[in-house]
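User: I would like to learn how to read a structure like this one. Can we go through it feature by feature?

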Amino acid sequence: MRLATVRTATGTAAVRVNSKGRATLIEGFADVGELLRNPQWRAIAASPGAAVEFGPRELAPVVARPEKIICVGLNYAKHIAEMGHDRPNVPTLFVKFADALIGPYDDAVVPAFNAGALDFEGELAVVIGRRARHVSAADAAACIAGYSIINDYTQRHFQKRTQQWHQGKSLEATAGFGPWLDTDWTPGPVLQTTLNGERMQHAATDDLVFTPADLVEFISHIYPLNPGDVIATGTPDGVGHARNPKRYLGDGDTVRVAIEGLGHIENTTRLI
């Protein structure tokens, strides 16, 4: 089952995606995050409803305003090496605010004063569907609603100024998120990121130092994970900052992040 948040003339609405551009309205829920907070969300989402048609630009971030977006900084071995870090013993976490999110096909609009070193990071996103507090990795799957795609869009100059990464990772209205939440997909297929059609990243989504279950276990022993919370699981090697010469994003550059069987997002940087 694929669940999405679509923009309508009166706001946003949660829908069940049936085929390309066609969906069923999930009455009474403004977005997928609100739906997931209902313990009966699976049954509700599968219920009959009014037909809805939508285009790519009408897709909003799949969870409009997650309570928490937790990002994993170093989780693919080759990316850890290209960034010059040692392989971590525990996940490296930082947070991204909901203000950073945009729809899966929206433009990333960036003021010129923030445009010095913009970078892409295609990532698999885990969306929580049941409260997780002190859970084991073995029990973590029951807390995961499904998976989506996110671009951990990064301002490298801000990130590298201090040892704390957050200031470079939460740039307003830049991080594409979607196109939907897939409740049946499982990690394994390839993630691929392209820049203006040129392949930048390519890796299997189960080639992680810390699996989604590991991450749910670790994070839930620090603070609870609630329905609608998002974990960005880390990015493969090939980011622009690690290339020689570096490949930062400029005005008109389009980044496409695709995961086999899960869909793709595509966002173009616009400088103002």
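Analyst: Start with a strand pairing. This is a predicted model. Look at Tyr147: its bridge partner in S13 is Asp182.

User: Which strand pairs with S13 over three bridges, and in which sense?

Analyst: S11 does, in the antiparallel sense. Another bridge sets Ile149 against Gly178 in S13.

User: How many bridges join S10 to S11?

Analyst: Seven bridges join them. S10 covers residues 122-128, and the two strands run antiparallel.

User: Which other strands pair with S13?

Analyst: Strand S1, residues 2-8, pairs with S13 in the antiparallel sense over two bridges. There, Leu3 stands opposite Leu181. Strand S7, residues 101-102, is joined to S13 by two bridges, and these strands run parallel. The bridge partner of Leu101 in S13 is Ala175.

User: Next, burial. How many residues of S11 and S13 are buried?

Analyst: A residue counts as buried when its relative accessible area is under 20%. S11, residues 144-151, has eight of its eight residues buried. S13, residues 175-182, also has eight of eight buried. Both strands are mostly covered.

User: Now a helix. Which residues of H7 are buried?

Analyst: H7 spans residues 212-220. Pro212, Leu215, Val216, Ile219 and Ser220 are buried. Look down the helix axis: these buried residues fall within an arc of 115°, so they line one face of H7.

User: What do the buried residues of H7 pack against?

Analyst: They pack against several elements. Among these are strands S5 (69-72), S6 (93-96) and S16 (230-232). S10 and S11 from the pairing above are also on the list, as is helix H4 (137-140).

User: What about exposed residues? Where does Ile272 lie?

Analyst: Ile272 lies in the segment after strand S18, residues 263-271. Exposed means over 50% relative accessible area. Ile272 has 65%, so it is exposed.

User: Which residues does Ile272 touch, leaving aside its neighbours within four places in sequence?

Analyst: Ile272 is in contact with Val109, Val110, Pro111 and Ala112. Take Val110 as a case of sequence against space. Ile272 and Val110 are 162 residues apart in sequence, but 6.2 Å apart in space, C-alpha to C-alpha.

User: How is empty space found?

Analyst: Rolling a probe the size of a water molecule over the atoms shows where empty space is left. In this model the count comes to two cavities of 30 Å³ or more.

User: What is the volume of the largest cavity, and which residues are closest to its centre?

Analyst: The volume is about 70 Å³. The cavity is lined by 13 residues. Closest to its centre are Gly73, His79, Glu121, Gln159 and Trp165. By class, the lining has five nonpolar, four polar and four charged residues.

User: And what lines the second largest cavity?

Analyst: Its volume is about 40 Å³. The lining includes Asn151, Tyr153, Thr174, Gly176 and Asp253. By class, this lining divides into three nonpolar, five polar and one charged.

User: Last, the largest pocket. How much space lies in it, and what lines it?

Analyst: The largest pocket holds about 180 Å³ of space. Lys20, Gly21, Phe54, Gly55, Pro56, Leu59, Tyr105, Trp180 and His264 line it. That lining has five nonpolar, three polar and one charged residues.

Conventions:
Residues numbered from 1 in each chain as written. Predicted model: local features only at pLDDT ≥ 70, side-chain atom pairs only at ≥ 80, totals over all residues. Heavy atoms only, no water. Buried < 20%, exposed > 50% of the residue type's maximum accessible area, 1.4 Å probe, protein only. Helix = DSSP H or I, 4+ residues; strand = E, 2+ residues; numbered from the N terminus. Pairing = 2+ DSSP bridges. Arc of directions from axis to C-beta. Contact = heavy atoms within 4.5 Å. 1 Å grid on protein atoms, 1.4 Å probe; cavity = no way out; pocket = protein on both sides within 12 Å on 5 of 7 lines; lining within 4 Å. Points joined across faces, edges and corners; volume = space filled by probe spheres on them. Nonpolar A, V, L, I, M, F, W, Y, C, P; charged D, E, K, R; others polar.
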